[in-house]
Each structure stands twice: as structure tokens, then as C-alpha cells.
Amino acid sequence: MDSGAYFADLITKGHGLAGQSENPPPPQEVVAQDEVQTIGKRNQRRTKNFTVEEDEQLVKAWLNVSLDRVKGVDQPHTTYWERIHAYFHVHKDFSSDRTQGSLMNRWSGIQHDVNLFAGCLSKTECENQSGVSIDDKQADALKMFIREDRQHRQFSYMHCWKILKDQTKWADRRRKMETQKTISKKHNVVANSSTASASPLLPSPTIDGNEHSNSALQRPPGQKKKQKLWQHCSIEALDYLLAKKKEADADKELNKEERCKKAFALQEERIRLEKEKLELQRDQFEFNKKLEEERIMNVDTSHMCPDQHQYYQALKNGILARCLNN
């Protein structure tokens, strides 16, 4: 190869290398960077906080569905929250696009905090401090809520509490949940105490060496305590049922007493009307009697036969005698 051809080939290869170094990056890398930016922007989006109107509408929807006399809470979980979601959006008078899952999560937080605040308020009311108003008790309950909350948050669902506090069925459900929670805690305490106190059975020590070598086994420690705790739980559950039965019986007795009072009032009214009717009849009889007596006294007996004259004269004499005696 001559020198001219060699240098020409070298120049050609040099241009090729320079062109390769100036090429843009592959399109796959550019697409990947765009996707990363898009995902990052999407993750930066956050759901707006619930407004007071949304909280109140959610509470009303829960009350309408869960306190339904026909279905109540004895319905599938999916159907239950589908109905709450539908009621929320059908009856709202504001703009909101909350999903079913968002409403479920929000209600979980509302229910937890409102139940905790209700428990704090019950504790303050049980203290029976003289001269303490309702506002003071609520203020003490708000302070107690901050102390008992795990994150020491302030109670932010007072607008929900004002709707739920007057609902009798919600209060009954809350008391039932508290009772079940208490019984569950006591069962856990019993289980833990029985596990901790469990130990291998040991033979009782022999008093005399000449006695039988097979000694009786001792009873495991904690058995009596376990039985007492179980009996205590059963007694509390029974007391709760008896209290509910007494309330129902009291309501029945009250209704019975009211019905008796109404029946007695109706009977008295009927007797009064009968007396007035008899008085009217008596007055009417006396009036008719006076008219008849006046007619008899005004009868002209001069043209009558002797018998008729004597008859009317006797009637007139009787009327005159009664009038003189009166």
C-alpha cells in the first residue's frame, strides 16, 4: 500500500470515530428518565383533608345504614359500605369525590377518637364533683383525651360527637363494645396468668419414710385465681344483662301505668257525662211536669160534667197542696 492510500484511509477512519462520539444517547434512556419524572410527580399528589361537612355527612350516612331496623349491621361488609358510600354521595350538598376506601379509613379514625372521648367524658361525669358545669366536664375530658391518646393528639371530632351523642342506639353499641373489650382484656389476663404460672407438677413431700413412695401430686398454682377471674367476668356479663332487663321492665311498667291512667281518665269522663245526662233528663221532667200542672190549673171546668169537674178539681187541689208545702 502506498503512503497516499494509507493517509486517506486513516482520515476516513478518523471521521468515523469522531461521528461516533457525537451521537445522541439511545432513545430508551430518554424514555426511562421521562417515566421516572412522571412517577415522581404522581407520587407527590396527596389527598385533600376531609372537611367538616364531609365528616358530618359520613356520620349521617353511617347512622342511616348501620341503625337501619330492617338490615342494620347484619349484612355483608362489602354491601354495608357500598350503601354508606351511596348514601354519602346521594345526600351530599357539596362537592366531594371520596371513594369507598377513603370513607372507610376516615370512619375508622372518627369512631376510635369519638369512643375514646366518650370514655373520658364518662370518667369525668362519674366523679360527681359539686359545682362543676357540663362545659367544665367537657374541658376536663378534652385534657384527659390528650393524656390517654398514644400520640397525645387533641380531639378534633367534636362536630361528629355532637351528632352521635344523642343517638341511643350508638350509645348502646358503644357500651356493648366497651363491655366486650373489657371481657376480652380479662380473658387475655387470665390466659397470660395461667401461662406464666404453669409449672411442672411436683410430688408432695413425704412426712414419714415408712409411708408409700408414690405421693399425691400438687395442684398447679394459679388455678383458683383463674376460676375467680372467669367467675368475675361471668358476673359482670350477667349484671349487664340484668341491668338491660330491668330497664326494659321499667319501660313496660311505665307504659302500663300510663295506659291505666288514660283508662281511668276516660272512665271518669264517661261517669261525668252520664251524670250530666241524668241531670238534663231530670230538669226536662220537672219542666214538663210544671207545664202539665199549669195546663191543669188553667182548665175551665164550668161546662164539664160533674165527674170531670170533680176529677180536675182534685188535681188542682193536689197541685195547690204541693205548692203550699214547698
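Predicted model: local features only at pLDDT ≥ 70, side-chain atom pairs only at ≥ 80, totals over all residues.
**A buried threonine and a helix crossing**

At 10% relative accessibility, T301 counts as buried, because the cut-off for a buried residue is under 20%. T301 sits in the loop that lies between helix α9, residues 223–297, and helix α10, residues 306–325. When its neighbours within four places in sequence are left aside, T301 is in contact with H309, Y312 and K316.

Seen as a whole, the chain holds ten helices and zero strands, so that the order of elements from the N terminus on reads α-α-α-α-α-α-α-α-α-α. Of the 326 residues in the chain, 18% are buried, and T301 is counted as buried as well. The chain exposes about 25,500 Å², of which carbon and sulfur atoms supply 54%. Among the contacts between residues at least 6 apart in sequence, 57% join residues that are at least 24 apart.

Another part of the chain to examine is the packing of two helices. Two packed helices are described by the angle between their axes and by the distance between those axes. Helix α4, residues 77–90, packs against helix α5, residues 100–126, at an angle of about 95 degrees, and their axes are 10 Å apart. Because angles from 65 to 115 degrees count as roughly perpendicular, α4 is roughly perpendicular to α5. On the α4 side the contact is made by H77, T78, W81, E82, H85 and F88, while α5 contributes Q100, L103, M104 and W107. Sorted by class, this contact of α4 with α5 has five nonpolar residues, four polar residues and one charged residue.

Methods:
Residues numbered from 1 in each chain as written. Heavy atoms only, no water. Helix = DSSP H or I, 4+ residues; strand = E, 2+ residues; numbered from the N terminus. Buried < 20%, exposed > 50% of the residue type's maximum accessible area, 1.4 Å probe, protein only. Contact = heavy atoms within 4.5 Å. Areas by Shrake-Rupley, 256 points an atom, 1.4 Å probe, with all protein chains shown as cover. Axes fitted to C-alpha atoms, helices over the stretch in contact; angles between N-to-C directions. Parallel < 35°, antiparallel > 145°, perpendicular 65-115°, else oblique. Nonpolar A, V, L, I, M, F, W, Y, C, P; charged D, E, K, R; others polar.
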